[in-house]
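Dear colleague,

I am passing on the structure below, followed by some notes on what was found in it. Please read them with the coordinates open beside you.

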Amino acid sequence: MPNEREVREARVFASYLGAASVPSEISERYHRAIQHWRAAPSERFDAWLVRLAATSQGLTAIADTYARFARPYGDLRCRLTLMLALLETHGATHAAYDRARPSSAAGAWLALAGLGTLWALRALLAVAICAPAHLLLGAKVPARQSA
Amino acid sequence: MARHLVIGSGASGVHYALTILERGEEVTLLDVGYERPAAPLPDATYTQLKEQLADPLSDILGERSEYVVYPGPVSKPYGFPPSKSYVFRQPAAWSLTSRGFDPLVSFARGGLAEAWTGGSYELDERDLAAFPFSLGELQPHYATVARRIGIAAERDDLERFSPMTAGYDAPLPLDAHSAQLLGAYARKRQRVNALGVYLGRSRVAVLTKPLGERAECTQLGRCLMGCPRESLYAPSYTLRQLHRFPGFAYVPGVFVERILLDGDGRATGVMTRELAAGAEKRFTGDRVVLAAGALASSRIYLSTLQHENGAAPELPGLMDNRHVMMPFVTPSRVGHDVEIASYQFHHLALGMRGNSAGDDVHGQITALKGAQVHPIVSSLPFDFRTSLSVFGRVRAALGIANFWLADTRRAANVAELRVTDDARHQLVLSYGDDRSDLGRTNQAIAAIRKSLRIIGAIAPKSQTAVLPRGSSVHYAGTLPMTNDERKHTCRADGSVRGFERLIVADGAAFSSLPAKNITFTLMANAVRIAHASQ
């Protein structure tokens with residue numbers, strides 16, 4: 001069974017990915033998959049990024065933004081990929097992911113421009129917060145293998 | 001009455017066998033034969049499946065979520081679900097190592113074509129230039145196969161690359177994105193054609209009307225999982241048909257080790273090993289037909305020579321289509337809605353004529369509809385939350401062009417056998433690119449990217465991936481049909497020189513590898529060889 005910290009991590013990551021609630025099967029699957037990974041221990045910086053990301057949704061966004069270009073195949077990106085896969089597959093949560101977001105073309109482009117601007121600002125913040133820790137703790141990690 | 005021992009139940013094996021059985025002769029089909037699991041809830045769409053399955057997480061992602069597509073250096077836009085794991089399962093007796101080549105091999109009932117996306121294109125004279133028979137000798141057999149499997153197609157510009165002599169069914173309804181691209185092509189055809197590129201509807205082995213026990217496509221969006229209505233063709237459906245013939249015997253659960261030869265080099269049977277008990281078992285027949293797929297058939301042939309002579313030669317001429325994956329976005333479709341439950345695979349195809357058949361390019365274009373979200377979202381260049389928001393708005397605008405380059409037989413690309421320390425026979429494949437490969441690939445990438453741009457789609461350079469050799473899943477050429485009286489080659493009728501009554505009916509016998517998907521031709525050629533095998 002997942003411990004309190006792991007349950008919290010699953011809940012924070014699921015909320016960050018847009019799920020209103022996390023069915024217990026998803027928490028259990030998430031935990032079980034991660035237990036399986038632990039045959040290979042995380043690098044120190046990856047472990048730090050995961051701990052930071054699990055603190056709150058806001059920090060998940062910061063850590064994930066940094067991880068996308070500094071640790072694209074690292075532990076955090078893999079955990080978020082796993083959570084997204086579980087959310088898009090479970091009967092209670094899939095609907096939010098199995099759709100497009102139709103709108104007028106102008107509205108869509110405006111939204112994309114806004115998303116891009118916010119992302120750029122977040123990227124600056126992410127570098128300011130995560131880069132020093134990366135310099136202190138960092139090391140490269142191999143990509144995780146899919147089935 | 002002749003008894004044919006057919007090895008392998010893939011596209012070539014089942015169509016060879018069906019032709020023989022229809023003639024009233026007998027067939028014993030030997031197969032490892034891992035079986036396709038029954039598809040649950042056959043009328044549910046992909047999204048309904050998630051709501052109605054008792055345990056969708058296990059059925060779609062695996063018990064331990066092992067089918068999740070994690071981010072990695074090679075971007076994978078999708079992963080096969082657990083329902084397709086039978087296609088890639090391998091017996092312990094099989095051993096393969098390779099250099100410069102990363103192949104997939106199947107021991108499933110139906111072989112690799114159980115995961116086929118259905119692209120069915122007749123070859124033309126130019127494609128067959130290196131083969132020792134004419135197009136006229138092959139064409140009637142395309143018609144036979146098209147009648148057996150059902151192919152949806154439409155006459156268009158691609159007919160200049162791929163004739164339409166077989167009988168075809170009405171095409172599938174186009175999705176909105178593909179229709180838009182095809183409309184733009186119709187308006188700007190001249191500019192695209194000036195680059196040597198032509199666009200049209202893909203011809204797919206999908207039913208648009210019922211055929212026997214198989215039902216027509218109702219767009220459930222479960223193509224990748226395995227169509228529960230059997231609309232998308234798989235060779236295991238033909239295998240099921242074979243059981244209706246009294247002269248047919250199916251023997252699954254055996255691994256064919258070698259061909260048995262008499263003192264005159266005549267094939268008299270095969271030696272197999274039972275997967276469950278591990279015991280050797282001998283089968284005899286009047287013809288032995290290698291149809292296990294080019295790589296597995298090469299291993300059986302080499303193991304036979306190793307057993308007979310104490311050494312096996314190198315088989316030169318291993319071929320594989322260079323495969324390029326080019327994701328694109330059509331900006332004018334940003335903000336549009338998308339039909340999630342729809343035919344998942346390609347609706348459009350492209351052809352590009354090179355200076356010779358060896359320079360030709362063939363491709364298929366898939367507009368994104370229903371799909372796993374996580375592999376795509378994790379590959380976007382943002383954090384997950386931004387990527388999900390962006391993806392929702394651009395989903396209807398995304399697509400992927402997959403294209404393949406022709407290949408020719410080259411002496412340096414070989415299949416050979418290694419006897420391991422524990423006396424196992426290991427197939428060793430070596431493949432090295434020719435200097436001209438890079439230039440041809442880059443030319444094709446540039447022309448296709450420009451063509452997409454002309455019809456309103458942008459393919460970012462950074463997203464285009466030249467995949468490792470072996471990923472096309474079209475392997476051929478190790479025992480080629482030729483008119484030259486050389487060892488380790490076949491005659492035009494598939495019979496192997498030096499070994500009476502031994503026939504190659506799969507891609508190992510191909511004399512060159514056209515850019516077009518070869519599965520339809522593998523089946524037609526197997527029918528041609530069966531007719532020749534009197």
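Please keep in mind that this is a predicted model. I begin with the interface, where 43 residues of chain B are in contact with 47 residues of chain A. On the side of chain B that touches chain A, the elements giving two or more residues are α2 (46-52), α3 (56-61), α9 (374-379) and α10 (384-394) of chain B, and of these α10(B) gives the most, with eight residues.

The C-alpha trace of chain B spans about 70 × 55 × 45 Å along its principal axes, and buried residues make up 55% of its 534 residues. Among the contacts in chain B with a separation of 6 or more, 74% are between residues 24 or more positions apart.

One sheet may also interest you: in chain B, four strands in the order β3-β17-β16-β10 form an open sheet with mixed pairing. Its edge strands are β3 (96-99) and β10 (315-316) of chain B, each of which pairs on one side only. The strands β3(B) and β17(B) (residues 425-430) run parallel and are joined by four bridges, and within this pair Thr97(B) stands opposite Val428(B) of β17(B).

With best wishes

Note on methods
Residues numbered from 1 in each chain as written. Chains lettered and ligands numbered in written order. Predicted model: local features only at pLDDT ≥ 70, side-chain atom pairs only at ≥ 80, totals over all residues. Pairing = 2+ DSSP bridges. Contact = placed C-beta atoms within 7 Å. Buried ≥ 20, exposed ≤ 12 C-beta atoms within 10 Å, placed from the backbone.
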